[in-house]
Amino acid sequence: MVTVTIPPTLRRFCGGEERVEVSPGTVADAIQQLHARYNGIRDRLLDDKGQVRGSVLVFVNQEDIRFLQNRDTPLVEGDEVSIIPAYAGG
């Protein structure tokens, strides 16, 4: 399984879960699996074009998917995905 860490700001969409397990595949597959379980989460993660929102950072094993293959980044057994809201300001 692949472990997805849910940030506090999105846990209300995931039944309060801090960590959720999904099957291996790609980051896009993981988001789809989250959506199938927790309706509404996908809209918080993806824009209208199906791309990860600019206000959300996704890391696979501590590597930013923007520097990997974005949504097509492969996930294998044991990987850890972290979803982090990007904050702006100063």
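Figure 1. The largest cavity has a volume of about 60 Å³. This is a predicted model, in which local features need pLDDT of at least 70 and side-chain atom pairs count only at pLDDT 80 or more, while totals for chains, interfaces and linings use all residues. Residues are numbered from 1 along each chain as its sequence is written, and side-chain values use heavy atoms, with hydrogens and water left out. The structure holds one cavity of 30 Å³ or more. A cavity is a set of points, on a 1 Å grid over the protein atoms alone, where a 1.4 Å probe fits but cannot get out; lining residues have an atom within 4 Å of a point. Grid points are joined across faces, edges and corners, and the volume is the space filled by probe spheres set on the points. The lining consists of V4, V27, A30, I31, L34, L45, V52, V56, V58, V81 and I83. At least two lining residues come from each of α1, β4 and β7, and α1 gives the most, with four residues. Helices (H or I, at least four residues) and strands (E, at least two) are DSSP runs, numbered from the N terminus.

**Figure 2. The largest nonpolar core.** This core has 23 residues, and those with the most contacts inside it are I6, L34, I41, L45 and I83. A nonpolar core is a set of buried Ala, Val, Leu, Ile, Met, Phe, Trp, Tyr and Cys residues joined through side-chain atoms within 4.5 Å. Buried means under 20% relative accessible area, exposed over 50%, and partly exposed in between (1.4 Å probe, protein chains only). Two or more core residues come from each of β1 (2-5), β2 (19-22), α1 (27-37), α2 (41-45), β4 (56-60) and β7 (80-85). The element that gives the most to this core is α1, with four residues. L45 touches L10, I31, Q51, V52, R53, V56 and I83, leaving aside residues up to four places away in sequence; a contact means heavy atoms within 4.5 Å.

Figure 3. The strands form an open sheet in the order β2-β1-β7-β4-β5, with mixed pairing. β2 and β5 (63-64) are the edge strands, each with a single partner, so one side of each has no neighbour in the sheet. Two strands pair if DSSP finds at least two bridges between them. β1 and β7 are parallel and share three bridges, with T5 opposite S82 in β7. β4 and β7 run antiparallel and are joined by five bridges; there, V60 has V81 of β7 as its bridge partner. β4 and β5 are also antiparallel, with two bridges between them, and F59 is partnered by D64 in β5. Helix α1 lies across β1, β2, β4 and β7, and runs at about 115° to β2. Axes are lines fitted to C-alpha atoms, for helices over the stretch in contact, and angles run from 0 to 180 degrees between N-to-C directions.

Figure 4. N61 has a positive phi of about 50° although it is not a glycine. Q62, likewise a residue other than glycine, has a positive phi near 70°. N61 is partly exposed, at 38% relative accessibility, whereas Q62 is exposed, at 77%.

**Figure 5. T73 and its contacts.** T73 is found in the loop between β5 and β6 (74-75). This residue is buried, with a relative accessible area of 4%. Not counting residues up to four places away in sequence, T73 touches G25, T26, V27, V60, I65 and L68.

**Figure 6. R37 in helix α1.** R37 is found in α1 and is partly exposed, with a relative accessible area of 41%. Its contacts, not counting residues up to four places away in sequence, are V20, E21 and V22. R37 and F13 are 24 residues apart in sequence and 9.8 Å apart in space, C-alpha to C-alpha.

**Figure 7. E77 in the loop between β6 and β7.** E77 has its place in this loop and is exposed, with a relative accessible area of 58%. E77 touches M1 and P24, not counting residues up to four places away in sequence.

How values were computed: 1 Å grid on protein atoms, 1.4 Å probe; cavity = no way out; pocket = protein on both sides within 12 Å on 5 of 7 lines; lining within 4 Å.
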